[in-house]
Amino acid sequence: MTDVTVEPGSILGVLGGGQLGAMFAVAARRLGYRIAVWDQDPDAPAHRQSDHSFTAAFSDLPTREHFARLVRAVTFEWENVPADLCEWLEERHRVRPSSSVLRIIQDRVKQKQFLHSNDLPVVPFVAIGAPDQLTEAVKQIGIPALCKTATFGYDGKGQWPIRQDSSVDEVARTLRTIERPAPRWILEQLIEFECELSVLVVRGTNGECRTYPVVENRHEQGILRMTLAPATVSVQVAARASDLARQAVVLLQGIGVFCVELFHTADDRLFINEIAPRPHNSGHYTLDACRVSQFEQQVRAVCGAPLGEVRQWSPAAMVNLIGAEAQAVASGQAFKGLLSLPGAVLHLYGKKVVRPGRKMGHVTFMAETSEAAAEPAHRLIARLAALSAVPPA
Ligand code: AMP
């Protein structure tokens with residue numbers, strides 16, 4: 001496909017309709033584009049922001065034709081959309097990131113092999129093709145280790161820590177119960193990191209690369225709880241993390257928005273954990289605290305337009321609202337209280353179905369430093385725990 005700019009007024013297609021797709025749609029519509037969202041879930045938040053909604057399965061051929069006739073360029077909001085569909089669309093339109101980048105990223109084994117073969121630091125890992133190979137893999141990697149599904153894992157799902165010999169058989173038994181066709185896994189050394197960092201890298205059609213400030217992520221039960229932007233690490237560590245992230249995206253030849261997640265250890269080593277080929281939860285603060293958000297950058301990169309400024313104008317801390325927490329803050333006094341907190345910006349995704357662990361919204365706090373912004377963020381987390389606590393029977 002040629003790389004002329006896709007102009008405002010055109011219809012941009014987005015595969016997947018979660019909150020990332022919805023925030024992409026809002027940014028695109030502000031720039032005068034129209035949006036076609038394809039997600040099987042009619043309750044997916046992006047449908048409400050779209051001009052055209054498709055709710056058939058991604059395998060539906062008439063929908064594929066219809067979608068392709070409508071759109072001028074395509075992106076996706078998460079990495080588990082079918083790469084075959086992206087490849088088919090790519091024969092007709094600009095798809096960013098490309099299906100070849102998506103194929104590498106969709107598979108943890110391919111992704112880690114790609115990074116390792118390009119001399120980028122990753123934790124020691126071994127590919128596992130069948131549950132019976134787990135014992136041998138543990139011998140190579142050692143204990144503690146972390147077994148992860150090679151595909152379709154997210155938010156800590158599909159992960160099994162192995163902290164003692166006796167867990168090996170137990171995990172192998174669990175792997176044998178998995179019914180997905182030909183599942184594969186990766187066994188990684190489980191490392192004791194000091195903190196988790198992530199870096200948003202935006203790369204345009206002309207190869208220009210821009211990098212947002214390095215941020216620090218705190219997880220609870222595998223789910224992102226809080227992001228501090230910028231990270232509290234030294235300038236030197238931030239520069240190294242940023243450099244590694246940029247190198248990874250340049251080596252991939254990726255075009256679009258990428259989030260590179262890293263571990264920083266107490267002995268000052270950095271490892272790339274994984275790359276998301278799309279805007280990321282840890283970059284939501286860019287909506288409120290940066291000149292141009294990660295979603296607007298996605299629009300610009302997909303359309304072949306000049307990239308925007310990545311300057312952050314206020315330090316920030318972002319807290320995710322998970323599961324029932326969103327209902328708790330959306331009701332009565334709690335809602336008023338939250339909206340009147342100085343420096344707090346509330347985003348609710350409007351998802352009807354509440355499930356434990358489901359990301360329902362987020363709050364960004366802004367202050368003089370990210371640590372200062374983290375103070376009200378911690379108070380909010382404590383308040384959420386109190387609000388969502390089940391009352392005694
Ligand atoms: P992932 O799905 O790979 O992003 O993993 C989810 C979370 O699990 C990460 O954010 C880390 O907190 C943790 N994790 C993943 N891989 C490792 C590892 N090799 N060692 C220690 N913790 C890990």
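**Stop 1: a bridge in a sheet**

Select A145 and I162. I162, in β8, is the bridge partner of A145. Keep in mind that this is a predicted model. Now widen the selection to residues 145-149, which make up strand β7. Strands β7 and β8 pair in the antiparallel sense, over four bridges. Strands of a sheet pair through backbone hydrogen bonds, either parallel or antiparallel.

Next, show the rest of this sheet. What is the order of its four strands? The order is β6-β9-β7-β8, and the pairing is antiparallel. The sheet is open. Its edge strands are β6, residues 125-128, and β8, residues 159-162. Each of these edge strands pairs on one side only. Look along the sheet: neighbouring strands are turned by 20° against each other on average, with direction ignored.

**Stop 2: the helix across the sheet**

Now follow the chain out of α5. The loop between α5 and β6 holds D119. D119 is not a glycine, yet its phi is positive, about 65°. Most residues other than glycine have a negative phi, and most peptide bonds are trans. Is D119 buried or exposed? With a relative accessible area of 70%, D119 is exposed.

**Stop 3**

Jump to D268. This residue sits in the loop between β14 and β15, the latter being residues 270-276. D268 counts as partly exposed, at 37% relative accessibility.

**Stop 3: two cis peptide bonds**

Select R96 and P97. The peptide bond that joins them is cis, with omega about -10°. P97 is in the loop between β5 (94-95) and α4 (99-106).

Then select A229 and P230. A cis peptide bond joins this pair too, with omega about 0°. Here the loop with P230 runs between β13 (223-229) and α8 (235-252).

**Stop 4: aromatic rings**

Show the aromatic side chains. The whole structure has five aromatic pairs. A pair of aromatic rings is described by the distance of the centres and the angle of the planes.

Start with W38 and F54. Their ring centres are 6.4 Å apart and the planes stand at 50°, so the pair is tilted. This pair links distant parts of the chain: W38 is in strand β2 (residues 34-38) and F54 in strand β3 (residues 52-54), 16 residues apart. W38 is buried, at 0% relative accessibility. F54 is buried as well, with a relative accessible area of 7%.

Move to F193 and F263. How are these rings arranged? Their centres lie 4.8 Å apart and their planes are at 0°, so this pair is stacked. This pair, too, links distant parts of the chain, 70 residues apart. F193 is in strand β10 (residues 193-203), and F263 is in strand β14 (residues 256-265). F193 is partly exposed, with a relative accessible area of 34%. F263 counts as buried, at 10% relative accessibility.

**Stop 5: an enclosed helix**

Select residues 294-303, helix α10. Step past the end of the helix to G304, which follows α10 and has a positive phi, near 70°.

**Stop 6: the whole chain**

Zoom out and show everything. The chain contains 13 helices and 18 strands. Its radius of gyration is 21 Å, close to the 21 Å from the globule rule for 393 residues, so the chain is as compact as a globular protein of that length. The C-alpha trace spans about 60 × 50 × 50 Å along its principal axes.

Colour by burial. Of the 393 residues in the chain, 55% are buried. Switch to the surface: the chain exposes about 17,200 Å², and carbon and sulfur atoms supply 52% of it. Last, consider contacts between residues at least 6 apart in sequence. Of these, 62% join residues at least 24 apart.

Methods:
Residues are numbered from 1 along each chain as its sequence is written. This is a predicted model: local features need pLDDT of at least 70, side-chain atom pairs count only at pLDDT 80 or more; totals for chains, interfaces and linings use all residues. Side-chain values use heavy atoms; hydrogens and water are left out. Two strands pair if DSSP finds at least two bridges between them. Helices (H or I, at least four residues) and strands (E, at least two) are DSSP runs, numbered from the N terminus. Axes are lines fitted to C-alpha atoms, for helices over the stretch in contact, and angles run from 0 to 180 degrees between N-to-C directions. The radius of gyration is taken over C-alpha atoms; the globule rule is 2.2 Å times the number of residues to the power 0.38. Buried means under 20% relative accessible area, exposed over 50%, partly exposed in between (1.4 Å probe, protein chains only). Contact means heavy atoms within 4.5 Å. Accessible areas come from the Shrake-Rupley method with a 1.4 Å probe; for residues, only the protein chains shown count as cover. Rings of Phe, Tyr and Trp (its six-membered ring) pair if their centres lie within 6.5 Å; planes under 30 degrees apart count as stacked, over 60 as edge-to-face and the rest as tilted.
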